[in-house]
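Let's take a walk through a protein model together.

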Amino acid sequence: MSNTSTTVSATANETTAFAGLETRGAHAWFGKHHALRDISLTFPARTVTGIIGPSGCGKSTFIRLLNRMHEFIPGAAMAGSVLLHGNDIYEPTVDAAEVRLKVGMVFQKPNPFPAMTIRENVLSGIKLAHLKRPNHDDIVENCLTRAGLWKEVKDRLGASGGSLSGGQQQRLCIARSLAVEPEVLLMDEPCSALDPGSTLRIEETIKELAEKITVIIVTHNMQQASRVSDYCAFFLTDGGPGYLVEADSTRKIFTNPSDPRTADYVQGKFG
Amino acid sequence: MSSETAATVEPQTPWSTPRAIRIRTTSVVALSAAFAVVVVLFTGVAGIDGWAITFMGLSIVVVLARTSRAGSKERKDALMRVIITSAAVTAFAPWLSIFGSVILKGYLGIRPNFFSQDMRTTTPDDFLEFGGALHAIVGSLLMVLIASAITLPLGILSGVYLTEVRGRLTFLVRFVVQSMSGVPSIVAGLFIYTTWVTATESFSAFAGALALAVLMLPTVARTAEEVLKLVPEDLRAAGYALGARQWRTAFMVVIPTVRSGLTTAAILGVARVIGETAPLLLTSLSNSALRFHPFDGPIASLPTYVFGYLQIGTEYAIARAWTGSLVLLAIVFVLFTLARRFGGKDKR
Amino acid sequence: MTVIYNREDKIFRGVVTGGALTSLIVLGLIGVFLFMRGAQIFGDKGIQFITGTNWTAGSGDGVIPDDFSIGAMLVGTIVVSLIALVIAVPLAIGGALYLEFYAPRRIRRTLVTLLDLAASIPSLIFGLWGIEIFTGFGERWAVLINNWLGFIPIFSVEFDNFGRSPFIAGCVLGSLIIPITTSVAREVYSRTPRDLVDTCYALGGNKWGALRAVVIPYGKSGVIGGAMLGLGRALGETVAVYLLLNLVFRYNFRILESEGGNVASLIATKFGEATEYELNALVAAGFVLFLLTLVVNMTATTIVQRSTPRA
């Protein structure tokens with residue numbers, strides 16, 4: 001049963017045929033602990049997919065599998081495959097750093113580099129990855145604009161990133177991820193440390209970003225998932241490894257899910 | 001049924017370096033090491049230090065060659081890996097050399113008589129079968145015991161002040177304890193010389209112990225604070241809730257729970273001062289006879305024993321110094337192991 | 001009943017506060033007693049005491065007058081300590097980065113234990129090792145440095161005797177302070193937020209990129225504090241320098257020359273056969289050393305405390 005249900009892919013609906021990112025039978029372990037079981041999901045290009053589910057069901061672990069951050073945890077292991085444009089990112093010949101350039105990530109807590117200015121923060125990825133990009137000024141303006149921060153900081157690009165408010169810092173982190181021109185952006189509960197006002201601003205930003213790139217966002221917040229995402233994937237754990245219950249268009253998940261557990265969860269009966 | 005399908009899947013680590021590459025890397029490293037041996041054998045470069053420097057240089061060349069086609073990002077990363085590893089090896093080399101030489105040169109003198117005789121009737125040039133360091137070991141123990149008896153209560157009080165009383169002087173006390181730990185040992189010796197030794201007109205074990213106490217206090221106080229900080233707040237709250245006064249809570253509840261941690265504090269303090277030489281040169285001097293009296297006249301200690309025989313400089317004298325060092329180092333390490341054993345106990 | 005309660009706790013607080021203040025009192029007493037004993041010398045010599053280079057015990061009958069000053073020893077103290085720092089700091093940073101970010105997990109614990117053990121090796125044993133083992137290597141290196149870089153004044157020598165030089169003493173002092181500097185540096189590096197390092201990787205950086213962008217800047221002030229703690233130890237070191245350096249009362253900046261000294265080893269050397277007046281001079285020297293190390297240590301403490309906010 002799980003095999004059939006987990007392969008329900010969001011592409012079943014709608015028009016977007018081109019698959020940006022896809023997992024096939026993905027598992028994850030930490031040492032002996034089996035954290036994630038048999039996840040097969042497709043993320044269509046230029047859409048927002050929300051990953052929802054109670055804590056401990058492996059949502060964060062899952063998205064860290066998507067840009068090869070999982071392997072930094074000592075004792076980590078995985079199985080299955082993750083395809084970017086049809087190519088497995090876990091092939092031995094693939095350079096993990098290249099994968100991470102294409103699949104960017106924004107973390108839970110805003111974390112601009114403390115020793116760097118706003119401008120340096122935006123350009124840090126270019127420096128870290130040794131990319132050769134002309135017109136740094138344009139990149140800074142462009143990325144900050146897309147992150148919805150340009151107007152607020154354009155006169156103080158030399159200020160420290162830490163001088164911004166929490167919401168602004170998180171948008172700076174988004175701008176920082178955009179500077180290396182990723183095709184996919186992973187967001188691990190990006191608003192959980194922010195106030196409602198900042199959260200709304202970030203959600204607007206996410207919707208605008210999806211015009212150009214694929215966004216995958218982990219969230220605890222049902223309203224947020226229903227506001228920003230085009231598709232939703234619901235994860236659950238019964239004490240063992242986390243697994244995918246169902247994935248579908250957000251509208252369907254929130255109005256007429258196929259699985260009763262999904263219905264219970266989105267109506268706030270547990271979680 | 002889904003667990004059945006899962007059970008057939010084996011955990012993999014596709015990111016770990018493939019075996020073939022690991023073997024290649026290992027053989028390249030081994031080849032460079034071997035080549036460095038050749039360089040040492042057939043050129044002017046000499047010694048284990050010459051070998052190590054050649055090896056490090058070769059590793060850098062190899063890394064540059066292998067990353068010549070990669071980008072500057074990979075080249076820098078590989079280069080820094082070699083440089084940082086080399087720096088770490090260089091940083092660790094002196095200690096390994098010290099451990100090695102102290103053991104190799106010191107064990108010759110490890111005989112029963114070393115622990116059962118003093119040097120009253122033995123000259124420094126006598127064979128190692130004669131004479132020993134019993135007087136020095138006893139002197140060191142005596143001084144360290146007195147020093148502990150002085151510092152342990154004071155150190156605990158200091159820790160209690162910083163964690164239980166938390167008075168207005170908390171910051172100052174912490175700062176002073178820190179700064180005091182940097183007082184040069186010779187200055188502590190001079191201080192006791194100008195006060196106690198001058199006043200009593202006598203060098204003595206007690207004077208030596210006082211100087212050691214000055215050096216030991218910061219270590220004990222700081223460790224005691226660290227240990228007391230680990231006591232959970234609700235344990236104190238429980239004490240107060242039972243109507244206990246603050247001092248009762250401190251002495252009946254807080255301190256007993258960290259008893260082994262405080263033992264650690266004492267042990268670390270002893271380990272800190274057991275090898276101190278300079279202050280003893282000004283306060284307890286040395287002696288070749290076994291003595292127990294804390295207030296009357298110069299007394300031997302392990303550090304001054306080693307120092308003295310090293311000064312004499314003849315073959316057997318230096319051998320005695322090495323053996324004394326081995327005993328000293330062994331004591332420090334035993335104390336250290338004990339501290340770890342006890343230190344682990346309170347931590348939950 | 002409340003009265004008794006208060007009085008008991010007051011006594012408790014009084015006793016504990018008294019105990020805690022012992023450190024402060026002892027530190028103050030050290031300063032006061034050393035200054036009192038040295039005051040005569042400071043009065044007789046004035047500023048000359050710390051600028052002059054002579055250390056001559058008079059003949060007692062006034063034919064040769066007493067002349068005590070520690071300028072040469074102060075310079076020697078600083079020269080030897082600086083050599084130690086120049087050697088120790090880069091190696092300690094390398095060692096700390098290796099332990100935190102490069103060492104395989106299996107050997108890391110062992111190495112950290114070894115580091116703690118090394119920090120507890122008595123300086124006497126460093127001195128013994130220095131004179132019996134290290135000097136052989138050090139002299140060879142000194143000859144090489146002199147051959148290739150001898151045209152630079154500090155690497156030139158007057159006599160071709162390369163033993164017991166500030167260079168060799170500095171190398172051994174360097175090994176002596178590597179453990180403390182390394183463990184402070186490792187401590188700060190290990191507190192780098194995992195998130196920041198992860199972000200570097202997520203942006204396509206590799207290990208060195210993460211170290212340079214995040215870890216090293218984050219640990220900078222902590223490492224400076226650790227280096228200053230090491231400096232404090234090097235400035236006050238007695239026996240290792242005593243065993244490894246020829247005591248010569250002359251300003252010496254040629255680090256390969258077989259002459260030098262430091263204040264602490266001066267005290268140890270001259271103490272045994274000093275006259276009453278010379279003893280006072282030694283105590284005065286000790287007072288200067290006390291002030292010097294106190295300033296360095298207080299600065300180090302302030303830096304370390306500021307860079308490691310208490311949780």
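Start with strand β7 (residues 184-188) of chain A: 5 of its 5 residues are buried, so this strand is largely enclosed by the rest of the structure. Here "buried" means that 20 or more other C-beta atoms lie within 10 Å of a residue's own, "exposed" means 12 or fewer, and "partly exposed" is in between, with C-beta atoms placed from the backbone. Strands (E, at least two residues) and helices (H or I, at least four) are DSSP runs, numbered from the N terminus.

Before going on, two notes on what you're looking at. This is a predicted model, where local features need pLDDT of at least 70 and side-chain atom pairs count only at pLDDT 80 or more, while totals for chains, interfaces and linings use all residues. Residues are numbered from 1 along each chain as its sequence is written, and chains are lettered from A and ligands numbered from 1 in the order in which they are written.

Back to β7(A). In a regular strand the side chains alternate between the two faces of the sheet. You can see which residues go where: Val184(A), Leu186(A) and Asp188(A) point one way, Leu185(A) and Met187(A) point the other way, and all of them are buried.

Which strands pair with β7(A)? One is β6 (residues 103-106) of chain A, which pairs with β7(A) in the parallel sense over 4 bridges; strands count as paired if DSSP finds at least two bridges between them. In this pairing, Val106(A) has Met187(A) as its bridge partner. Another is β8 (residues 214-218) of chain A, which runs parallel to β7(A) and is joined to it by 5 bridges. There, Asp188(A) stands opposite Val218(A). To get from β7(A) to β8(A), the chain passes through helix α8 (residues 196-209) of chain A, and this β-α-β crossover is right-handed. That label means that, with the strands pointing away from you, the path from the first strand over the helix to the second runs clockwise.

Now for a residue in a loop of chain A. Asn135(A) sits between α4 (118-128) and α5 (136-146). Its phi is near 55°, a positive value in a residue other than glycine. Is Asn135(A) buried or exposed? It counts as exposed, because it has 9 C-beta neighbours inside 10 Å.

Leu285(B) isn't a glycine, yet has a positive phi of about 50°, and lies in the loop between α13 (278-283) and α14 (302-312) of chain B. With 20 C-beta neighbours inside 10 Å, Leu285(B) counts as buried.

Finally, look at where chain B meets chain C. The contact takes 71 residues from chain B and 61 residues from chain C, where two residues are in contact if their C-beta atoms, placed from the backbone, lie within 7 Å. On the chain B side, the largest share, 18 residues, comes from helix α4 (residues 72-106) of chain B.
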